[in-house]
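Dear colleague,

Please find below the structure that I am handing over to you. My notes on what was found in it follow.

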Amino acid sequence: MAVPLPLAVFLAALLGSAPDFALAANPLSVVTSNTVLADLVANVGGDKVRVRSLAPAGTDPHTFQPTPDSIRTLSQARVAFFNGSGLEEWWDKTIHSVKKPDVPVIELSKGLATIRMPGHSPDGQSHAEGQDPHVWLDPNLVKAYVDKIRDALSQADGANSGFYADRAKTYQVKLDELDAWIRTEVEKIPIARRKIVTFHDAFQYFAHRYGLAVKGFVVVSPGKEPSAKALAELTRRIKEERIPAVFAEADFNAKLLEVLAKDAGVKVVTNLYDGSLSSGPPADTYINMLRHNVTQTVNALR
Ligand SMILES: [Zn+2]
């Protein structure tokens, strides 16, 4: 018996053999470099987009290694978003290997990455880029990411531009609420204790927005190990400046920071998120990630 085509499609969907990512004109196929950006796109695009992240949850966006599957996914995108400002060391090479000049590729941090990375990590290693790419950890700046996402989706899919505009506005209101909530939380920390030392130097934009001082970090970028001398110097500074706690991300091996905290006799928090969401709680969306980070930070500092 021949099954009518619409039913066949329906059955295929039911059985989980979704049509090829590329073949779906609607929803719009969108690819992002990491899961944080995928969540932002999903908030703007709703059911009109199908978004996929190249780096999966729990993967460091600096040093992710694209697979043949990443290339295939990217080759099917109708719009691609990356953070840029030097975050994704693998991005340019990956995009060039796909060679689709008609697909818009949007650098979301462009024009927003105003903080300079320190010229060197504590052990004097130079950093390839002078810009600090971790712009998205300031939700107020993420509102500008959302504008860019709305514009790019509207450009690629003009029929739904009103839909994207409405959703972008709704999400930006949530970001304003998040921003206000973070301010009231940070106010619970005595002013003299509003200072942090982090494992990797990712929290400058966040700290700048909410009046925290970043007093040091272990590595300028993941994968660059500091010297014993640099660590001893950082330990001395933590004691001298009376830093209440040191912070690391769940996705990195933060052994060094734990040793450092023990030597300095301070609290250590090892479950923050920045460049990747978690696949379940506590950081499964951008907003949940910031709420989680802030709760951890305020509890350790107050
Ligand atoms: Zn980073």
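Among contacts in the protein chain between residues at least 6 apart in sequence, what percentage join residues at least 24 apart? The figure is 62%, where two residues are in contact if their C-beta atoms, placed from the backbone, lie within 7 Å.

Two points on conventions come before the details. The model is predicted, so local features need pLDDT of at least 70 and side-chain atom pairs count only at pLDDT 80 or more, while totals for chains, interfaces and linings use all residues. Residues are numbered from 1 along each chain as its sequence is written.

Overall composition

The protein chain has ten helices and eight strands; helices (H or I, at least four residues) and strands (E, at least two) are DSSP runs, numbered from the N terminus. Of its 302 residues, 40% count as buried. A residue is buried if 20 or more other C-beta atoms lie within 10 Å of its own, exposed if 12 or fewer, and partly exposed in between.

Nonpolar core

The largest nonpolar core contains 71 residues, and the members touching the most others are Leu40, Val41, Val44, Ile149 and Phe199. Such a core is a set of buried Ala, Val, Leu, Ile, Met, Phe, Trp, Tyr and Cys residues joined through C-beta atoms within 7 Å. Helix H2 (residues 35-45) supplies the largest share of this core, seven residues. At least three residues come from each of domain 1 (11-179) and domain 2 (189-301), with domain bounds taken from an automatic or database domain assignment. Beyond its neighbours within four places in sequence, Leu40 is in contact with Val142, Tyr145, Val146, Ile149 and Tyr286.

Sheet and covering helices

Four strands form an open sheet in the order S6-S5-S7-S8, with parallel pairing; two strands pair if DSSP finds at least two bridges between them. Strands S6 (213-219) and S8 (267-272) are at the edges with a single partner strand each, so one side of each has no neighbour in the sheet. Neighbouring strands of this sheet are turned against each other by 25 degrees on average, direction ignored. Angles run from 0 to 180 degrees between N-to-C directions, and axes are lines fitted to C-alpha atoms, for helices over the stretch in contact.

Strand S5 (residues 195-200) runs parallel to S7 (residues 245-249) and is joined to S7 by two bridges. Val197 stands opposite Val246 in S7. Helix H8 (residues 228-240) lies across S5, S6 and S7, at about 155 degrees to S6. Helix H9 (residues 255-264) lies across S5, S6, S7 and S8, at about 160 degrees to S8.

Helix pair H3 and H4

The axes of H3 (residues 68-75) and H4 come within 9 Å and cross at roughly 60 degrees. Ser70, Ile71, Leu74 and Ser75 of H3 make the contact with Thr94, Ser97 and Val98 of H4.

Backbone details in loops

Lys99, in the loop between H4 (91-98) and strand S4 (105-107), has phi near 50 degrees, a positive value in a residue other than glycine. Lys99 counts as exposed because it has 8 C-beta neighbours inside 10 Å. Arg242, in the loop between H8 and S7, likewise has a positive phi near 50 degrees. Arg242 is exposed, with 11 other C-beta atoms within 10 Å. Finally, the peptide bond from Pro281 to Pro282 is cis, with omega near 15 degrees; Pro282 is in the loop between S8 and helix H10 (286-301).

Yours sincerely
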